[in-house]
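Subject: Handing over the structure, with notes

Dear colleague,

I am passing on the structure for you to look through, and my notes follow it. Please keep the two side by side as you read.

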Amino acid sequence: MGLLTIGAFAKASRLSPKALRLYDELGLLSPARVDPATGYRLYAPEQLERARLVAWLRRLGMPLARIGEVCELRELDAAAAAREVRAYWAQVEAETAARRDLAAFLVGHLSWKDPDMSPTTKPLGIRYAALSDTGLVRESNQDTAYAGSRLLAVADGFGAGGAPAGAAAVQVLKRLGVEGVTEGVGPGLPVGEILNALEDAVEQAGHAVRDIAGADPAPREVGTTLTALLWTGSQLAMVHIGDSRAYLLRDGGLFQITHDHTLVQAMVDEGRLTPEEAASHPQRSLLARALTGEAGATADIRLHDARPGDRYLLCSDGLSAVVPTGDIRGVVTSARDPEGAVRELVALANRAGGPDNVSCVVADVLEPEE
């Protein structure tokens, strides 16, 4: 078969002539030959496979630059190209899930007309405890755990200035609660106000970490994870970056409500590892996102509705990476109060060898006081 005109090639590849001209200009799909007299683009039949791949990837919504990378990979290693498509789709699903959660929250918020929860309704209360321990192996503790009437937070610092980095990040959020953003609030708190305040606070925390890193005469990587819940009296506004975790115990079930920002978790999301393989992977603590003061470190920020009887656990990976989830659930379920829960959880981590600093915050949501 001879060369195909752009019209014939467009029909066979399901790409429009306009798209083919654009892909030629971008170097994504160049014609086999351009007629010197007429300027007509002519394509070889063997180019159809690449053209169809481009068309399929465009239907996925993949950016053109990334499509070019996949096409080049396919020429060298089809399996690598498949992994790239899988990674892209995992990213799309994660972003879609975040947008779905936000949409569901906004639908509920905008249609919320519970007559029993007026702005004068007394807010729910919380009872809380925090505990941080060096563990049995490390010489110093780079964790920070904090629990107060407005804020619950855990930070796990790393690098030479890890301890002050974590403490500085938590201190920024403590100021957020003290300075009135959540003062005297109830169901009528504007959602945008609290979420925007948290975004600003995360940015300020990043600046604080950067200042600490810059103070080192021999600069090395310094940063911290940060998982926190800001209490509004009827909802918990969550900020999360890194691999510290937040869990919710509700109706007897323990649910992880944060997503680990680690390279190993990304491999699980992409289908390259099973959760069981990830648990024993030698690089399971390698972070994909953390507060380091560098641009682009985006934290997850969202709201959770609280119910009387809920119990929340925030912890560093000194607990979650060492103690099986079933054992964590057993303690969180059976402990009579937050104080007893944090003591037993830290003890569990140390009985398992205490290889890392361990920090826990536990809070119970209470009925409003009469």
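By the distance rule for sulfur atoms, to how many disulfides does the count come? The count comes to 0 disulfides, where a disulfide is defined as a pair of cysteine sulfur atoms within 2.5 Å. In general, a disulfide is a covalent bond between the sulfur atoms of two cysteines. The case of Cys315 shows how the rule works, because its sulfur is 5.8 Å from the closest cysteine sulfur, that of Cys360, which is too far for a bond.

Before the rest, a word on how to read these notes. This is a predicted model, in which local features need pLDDT of at least 70 and side-chain atom pairs count only at pLDDT 80 or more, while totals for chains, interfaces and linings use all residues. Residues are numbered from 1 along each chain as its sequence is written, and side-chain values use heavy atoms, with hydrogens and water left out.

The chain as a whole

The protein chain has 12 helices and 14 strands; these are DSSP runs numbered from the N terminus, with helices being H or I runs of at least four residues and strands being E runs of at least two. Of the 370 residues in the protein chain, 46% are buried, where buried means under 20% relative accessible area, exposed means over 50%, and partly exposed lies in between, using a 1.4 Å probe and protein chains only. Among the contacts in the protein chain with a separation of 6 or more, 65% are between residues 24 or more positions apart, a contact being heavy atoms within 4.5 Å. Cys315 counts as buried because its relative accessibility is 0%.

Helix H3 covers residues 48-60, and because its 13 residues at 1.5 Å a residue should span 18 Å, the distance of 18 Å between its end C-alpha atoms agrees with expectation; the expected span is 1.5 Å times one less than the number of residues. Within H3, the residues Leu48, Arg50, Ala51, Leu53, Val54, Ala55 and Leu57 are buried. After H3 comes Gly61, which has a positive phi near 90°.

How do H1 and H3 cross, and at roughly what angle? The axes of helix H1 (residues 6-13) and H3 come within 9 Å and cross at roughly 60°, where axes are lines fitted to C-alpha atoms, for helices over the stretch in contact, and angles run from 0 to 180 degrees between N-to-C directions. H1 and H3 are therefore oblique to each other, since angles under 35 degrees count as roughly parallel, over 145 as roughly antiparallel, 65 to 115 as roughly perpendicular and the rest as oblique. The contact is made by Phe9, Ala12 and Ser13 on the H1 side and by Leu48, Ala51, Arg52 and Ala55 on the H3 side.

H3 also packs with helix H4 (residues 64-76), at an angle of about 140° and with the axes 10 Å apart, so that H3 is oblique to H4 as well. Here Glu49, Arg50, Leu53, Val54, Leu57 and Arg58 in H3 meet a set of H4 residues that includes Leu64, Ile67, Val70 and Cys71. Cys71 is itself buried, because its relative accessible area is 1%.

Two residues and their surroundings

Val239 lies in strand S9 (residues 235-241) and is buried, with a relative accessible area of 1%. Leaving aside neighbours within four places in sequence, Val239 is in contact with several residues, including Leu173, Leu198, Val202, Ala299 and Ile301.

Ala163, by contrast, lies in helix H6 (residues 162-178) and counts as partly exposed, because its relative accessibility is 27%. Its C-alpha atom is separated by 6.2 Å from that of Asp143, a residue 20 residues apart along the chain. With neighbours within four places in sequence left aside, Ala163 is in contact with Asn141, Gln142 and Thr144.

Two positive phi values in loops

Arg14 has a phi near 65°, which is a positive value in a residue other than glycine. Arg14 is placed in the loop between H1 and helix H2 (17-25), and it is exposed, with a relative accessible area of 75%. Asp251, although not a glycine, has a positive phi of about 55°. Asp251 sits in the loop between strand S10 (245-250) and strand S11 (253-256), where it is exposed, with a relative accessible area of 74%.
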